[in-house]
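Me: I'd like to learn how to read side-chain packing and ring pairs in a model. Can we work through a case?

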Amino acid sequence: MRKTDILIVVLLCVFLSGCRLKRPENVLPPKKMEQFLYDYHLAQAIGQELPRDERYTTKAYVDWVYEKNGITEEEFNTSLVWYTRYPKELAKIYKRLSNRVDAEYKSVSKSLSQIEKKSFTIQSGDSVNLWYLDRTALLNTSVYMNKMTYRINRDTTFHKGDTILLNLSGTFVSADSCVPQFAYMSLSAYYSDSVSTADTILRSNGDVRLSVILDKKKDMLNISGSINYLDSTDNRNSMLVLSGMEMIRYHEKAVRDTAKTLSQDLSSAEL
């Protein structure tokens with residue numbers, strides 16, 4: 001090799017090494033940052049699933065995440081500041097995080113499918129929680145994880161005129177807060193000749209309440225619905241955490257009794 005060729009190779013190596021992004025020693029490595037974020041988001045989701053008067057204990061879950069990963073809040077904050085200055089690096093972490101969740105979902109998808117199709121007995125009572133899936137779920141734009149569906153067939157515990165109420169909390173997690181994200185959610189009551197639907201689009205973090213009232217003259221066939229998550233880029237660097245999911249069925253009598261109790265309480269307060 002000629003001296004000029006050797007010189008060109010050396011200069012090229014120096015140039016490439018100079019272009020590499022140097023991560024400070026006090027910044028978490030990408031893999032450790034990814035593991036911490038995975039645990040952190042799960043802790044947040046668990047906290048959101050708690051009753052409202054107990055959500056203050058979310059900090060205990062987050063503190064455990066710091067202890068598990070062997071880092072301090074200061075170390076994490078320093079690392080997060082650095083990664084936000086280099087959004088491409090943060091996007092890589094969230095993409096791997098998304099792929100990890102995706103792989104875990106596929107490994108249990110068969111079991112989940114069996115659970116969804118499994119027949120179960122719905123409890124009787126004036127007000128009952130019908131939700132039979134996990135109360136917490138992660139969705140992203142992967143074809144395996146961008147949608148969840150549910151279906152509950154009618155049985156003798158349903159009455160005409162029942163109120164069906166779906167409650168949940170949604171939290172968007174993204175490496176780029178400028179990327180528009182939204183989720184379409186629906187709750188439907190199907191009859192032999194018609195369907196009654198309540199739906200909404202979630203565009204920011206918050207609680208969702210959807211309700212339908214069963215027809216007083218027709219027999220309902222099933223309660224079905226879905227939650228579809230999308231972002232405008234389809235880059236899988238973001239996700240939606242669903243928590244606190246429940247579906248409450250109120251018999252018409254329970255609704256009337258509740259309304260009567262509220263009315264009496266208001267009257268007493270005025271006196």
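**Rings and cores**

Reply: Trp-82 counts as buried, at 9% relative accessibility. Buried means under 20% relative accessible area, exposed over 50%, partly exposed in between (1.4 Å probe, protein chains only). This is a predicted model: local features need pLDDT of at least 70, side-chain atom pairs count only at pLDDT 80 or more, and totals for chains, interfaces and linings use all residues. Residues are numbered from 1 along each chain as its sequence is written, and side-chain values use heavy atoms, with hydrogens and water left out.

Me: How many aromatic pairs are there?

Reply: Rings of Phe, Tyr and Trp (its six-membered ring) pair if their centres lie within 6.5 Å; planes under 30 degrees apart are stacked, over 60 edge-to-face, the rest tilted. That rule gives nine aromatic pairs. In one, Tyr-66 and Phe-76 have ring centres 6.4 Å apart and planes at 65 degrees, so the pair is edge-to-face. Phe-76 is buried, at 6%. In another, Trp-82 and Tyr-86 have centres 4.8 Å apart and planes at 45 degrees, so the pair is tilted. Tyr-86 is partly exposed, at 34%.

Me: Which residues have the most contacts inside the largest nonpolar core?

Reply: Nonpolar side chains tend to be buried together in soluble globular proteins. A nonpolar core is a set of buried Ala, Val, Leu, Ile, Met, Phe, Trp, Tyr and Cys residues joined through side-chain atoms within 4.5 Å. The largest has 34 residues; Ile-164, Met-185, Leu-187, Ile-223, Leu-242 and Met-247 have the most contacts inside it. A second, separate core has 25 residues, including Val-27 and Leu-37.
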